[in-house]
Amino acid sequence: MKKIWVGTSWKMNKDAQSAKEWVSSVLPHLQLCSDGVQPFVIPPFPYLSQVSQLLNQQPIKVGAQNICWQDEGAYTGEVSPLMVKDCGGSIVEIGHSERRAQFGETDHTVNLKVLAALRNDLTPLVCVGDSKEEKAWGVSIESVVRQVIIALYQVPSHRLTEVLIAYEPIWAIGEHGVPATKEEAQQVHQAIRQAIQERYGEATADQMVLLYGGSVNLSNASSLLDQKDIDGVFVGRTAWQAEGYAELLNIANAKVKG
Ligand code: PEP
């Protein structure tokens, strides 16, 4: 039985004090969390050690918002996968649309980072998404599937299912985003799974974890999680307040209990 993943990235928000407060408020909810739910939190790099230490022994994974594709060397300003592990990270977000749009991330660098994460036994969480224009042109599926296939290039077949994919329509995320309907999200998730099945077989496709992200809130999370090909949610604003994140965990827990 697959777990329901419920995660948040804080983007470039919070300070040491508010990070600590978020953790203390979420802790009691983690202790009550069902085994069928997999929580994760992705703070900014400077708080990774602090947050992972505070959450040590808890059933929540802690991760980083980016990595370098090299393990060490003359890469000023970069953070290596080894450093993320050293700071207690076990998961790494790769290719968020903000990084693709503002920091030169490409499908090629996304793929290099996926391989670097796996080489260092970190779980890659690859973000893929279609733009508003691609949606209007009717090429959302083509665009998203292409990003997924390139991200998985040269991933050894026995490690494919370690890679998490988050479908995050660019038109759905952030303050001006309009959440995808459950039907829109399901359609793209189904297409991703189908593309994986065609290349890597049914067993791999079934086991791949596909998350939805983009204006997930307390009103739409439950119906998104009910979709056949949506295995979890990856959430920004709603989860930055501990109460919001705790409520999302409750929604997922209720699904596990049926
Ligand atoms: C995001 O930016 O990846 C995201 C999911 O944000 P939000 O939930 O705030 O739309």
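**From a loop to the core**

Reply: Aspartate 121 sits in the loop between helix H5 (107-119) and strand E5 (123-128). Helices (H or I, at least four residues) and strands (E, at least two) are DSSP runs, numbered from the N terminus. The model is predicted, so local features need pLDDT of at least 70 and side-chain atom pairs pLDDT 80 or more, while totals for chains, interfaces and linings use all residues. Numbering starts from 1 along each chain as its sequence is written, and side-chain values use heavy atoms, without hydrogens or water.

Aspartate 121 is not a glycine, yet its phi is positive, near 55°. It is exposed, with a relative accessible area of 53%. Exposed means over 50%, buried under 20%, partly exposed in between (1.4 Å probe, protein chains only).

Lysine 14 also has a positive phi, about 80°, without being a glycine. Its loop lies between strand E1 (4-9) and helix H1 (16-31). Lysine 14 is partly exposed, at 26%.

Now the interior. A nonpolar core joins buried Ala, Val, Leu, Ile, Met, Phe, Trp, Tyr and Cys residues through side-chain atoms within 4.5 Å. The largest has 65 residues, and Tyr212 is one of those touching the most other members. Helix H12 (residues 242-257) gives this core its largest share, six residues. A separate core has eleven residues, including Trp5 and Phe234.

Last, the cysteines. There are zero disulfides (cysteine sulfur pairs within 2.5 Å). Cysteine 127 is buried, at 2%. Its sulfur is 18 Å from the closest cysteine sulfur, in cysteine 68, so a bond is out of reach.
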